[in-house]
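Trainee: I have not looked at this structure before. Could you take me through it by question and answer?

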Amino acid sequence: MKEQLIRYARAGYAGLFLCTAEEARAESVVKAAADELDRPLHAWSLTEGFVDTKSGSVRACPDPIAALQQVDDLEGNVVVLLRDFGVHFEDHDPVLTRKLRDSLRGARSTGKLLVFLGVWKPLPPELEREITRLDLDLPDAEAFGTVLDGILASADLGNLPPEIREAALAAAGGLTTLEAENAFALSVIETGSIQPIIVAREKAHALKKGGLLEVVETTESLDSIGGLGALKAWLLQRCGAFTQKARDYGLPVPKGMLVLGVPGTGKSLTAKATASVFGVPLVKLDAGRLFGSLVGQSEANLRSAIATAEAIAPCVLWIDELEKAFAGSVSSGSSDGGTSARVFGSLLNWLQEKTSPVFVVATANDISKLPPELLRKGRWDECWFVDLPDAKERAAIWDIVIERFGRERTVYDTVVLARASELHTGAEIEAAFVEALHRAFTEDREPTELDLGKVLSESVPLATTMSESIERLRHWSSGRARQASQADQQGGRGRKLDLG
Ligand SMILES: Nc1ncnc2c1ncn2[C@@H]1O[C@H](COP(=O)(O)OP(=O)(O)OP(=O)(O)O)[C@@H](O)[C@H]1O
Ligand SMILES: [Mg+2]
């Protein structure tokens with residue numbers, strides 16, 4: 001980041017907006033850049049006034065326009081740090097906008113650099129092309145190392161074993177330095193030492209507070225999924241793809257997969273299991289919450305979510321029910337001024353360009369709401385279509401569901417159950433078993449195949465009520481997406497859903 005600032009300063013940029021919530025770290029970057037450029041650094045804030053950082057002299061200046069006047073009066077190619085200036089942009093004060101344009105013009109001719117520091121605020125249109133936005137990178141392991149050393153020293157704890165240190169620093173990825181410091185300190189208070197698991201727990205809390213990302217704890221593995229043989233085999237083939245060995249071998253980092261399909265067939269389950277295949281954390285993006293009311297806020301949200309995911313990497317980034325968030329991007333412009341189309345475009349762009357070890361798993365039910373460019377080559381390593389389970393797959397799902405509820409699978413004839421549950425999804429099979437458990441519980445006994453058969457005969461599977469939209473989804477997916485179940489498995493699924 002320092003090098004980037006130096007390049008901009010040398011190139012004669014007059015206005016930069018350095019976006020961050022981490023003021024102290026950003027300030028030290030700006031100071032290091034000014035030192036290296038051998039330029040004096042001045043800093044302004046509403047509360048502290050105008051400070052010459054070299055001499056330490058302070059002039060009171062509780063007004064942004066007066067601050068800009070002071071900037072104009074400075075001589076030479078100084079660097080000026082202006083804190084929280086963004087909040088003044090929100091006032092849409094025409095005098096301030098004009099003054100800023102004048103000051104930036106003056107700065108360009110004298111080689112001054114104005115760095116606006118703070119949380120991103122949209123600029124008035126007049127200034128959009130005069131001020132360049134830069135996002136402060138999230139701290140790296142080296143920065144966390146310094147914070148960790150500080151905590152270890154203040155708690156009189158010696159050095160950590162190297163593997164614990166490495167795990168604690170990795171667990172802090174995605175946090176700000178202050179958040180990491182808090183997490184390390186809490187770990188010392190709670191356990192008397194640094195425990196990576198506590199740092200990870202605190203990170204989960206911190207991300208959840210942000211509202212966009214959530215670290216999901218999951219125990220699901222490929223063994224939790226019945227059927228979907230081709231998809232599972234494909235994932236297994238890639239299980240070592242995030243290791244150093246894979247990098248040394250020259251394997252490209254996998255990008256991710258799109259999982260389309262019928263509701264309740266295990267798409268979300270697959271996303272969870274993917275994280276355990278790779279042995280990395282699962283981070284869920286709430287795409288619906290990307291959209292903010294302020295101009296430019298949605299794009300800023302996406303950028304921040306991506307930066308956090310990349311700081312946590314290697315990880316699986318799970319975008320569930322993609323179509324719900326980006327519904328507006330098909331009828332671009334009409335519903336939301338094109339915001340969702342733009343945000344969607346940035347997401348696709350990132351997917352295409354990304355080199356970081358973030359494996360994206362996106363799931364969707366309704367392709368009619370998604371733009372076709374989503375399926376363009378190069379975006380995903382694979383697009384999968386998850387259909388209704390066939391007989392063999394249903395039997396496998398019964399086995400898993402029965403064991404999930406602590407019963408012996410040998411007690412039931414799952415081939416018979418598979419036949420009785422034709423057209424049912426995994427979610428419906430699970431719901432039927434739960435219903436049978438409830439009924440049997442009230443009679444103080446175990447559910448039987450007969451009970452299950454009865455429950456199944458009483459329920460109307462979604463596939464019958466939604467036969468048309470499932471047919472449409474199948475038709476659309478054929479040739480575009482790969483079948484998630486084993487190609488050689490046929491039995492009671494390929495037929496048309498006309499139960500009339
Ligand atoms: N193939 C499967 N194997 C085992 N269990 C399954 C399978 N499919 C669904 N289930 C069960 O049904 C539950 C719901 O499935 P899941 O949430 O993964 O469906 P989904 O495809 O994401 O549905 P939606 O499109 O409605 O989000 C799972 O938690 C699991 O218990
Ligand atoms: Mg789901």
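Predicted model: local features only at pLDDT ≥ 70, side-chain atom pairs only at ≥ 80, totals over all residues.

Trainee: How far apart are the C-alpha centres of domain 1 and domain 3?

Mentor: The domain assignment places domain 1 at 2–135 and domain 3 at 222–386. Four residues of domain 1 are in contact with four residues of domain 3. Their C-alpha centres are separated by 37 Å.

Trainee: Leaving out residues up to four places away in sequence, which residues does L322 touch?

Mentor: With residues up to four places away in sequence not counted, its partners are L258, F344, L347, A362, T363, A364, L370 and L374.

Trainee: In which direction, left-handed or right-handed, does α6 pass α8?

Mentor: Helix α6 covers residues 141–154 and helix α8 covers residues 177–191. Their axes come within 10 Å and cross at roughly 35°. The crossing is right-handed.

Trainee: How many nonpolar residues are in the contact of α6 with α8?

Mentor: On the α6 side are A143, F144, V147, L148 and I151. On the α8 side are T177, A180, E181, F184, A185 and V188. By class, one residue is polar, one is charged, and the nonpolar ones number nine.

Terms used: Residues numbered from 1 in each chain as written. Chains lettered and ligands numbered in written order. Heavy atoms only, no water. Contact = heavy atoms within 4.5 Å. Axes fitted to C-alpha atoms, helices over the stretch in contact; angles between N-to-C directions. Helix = DSSP H or I, 4+ residues; strand = E, 2+ residues; numbered from the N terminus. Left-handed = near helix turned anticlockwise from the far one by under 90°. Nonpolar A, V, L, I, M, F, W, Y, C, P; charged D, E, K, R; others polar. Domains from an automatic or database assignment.
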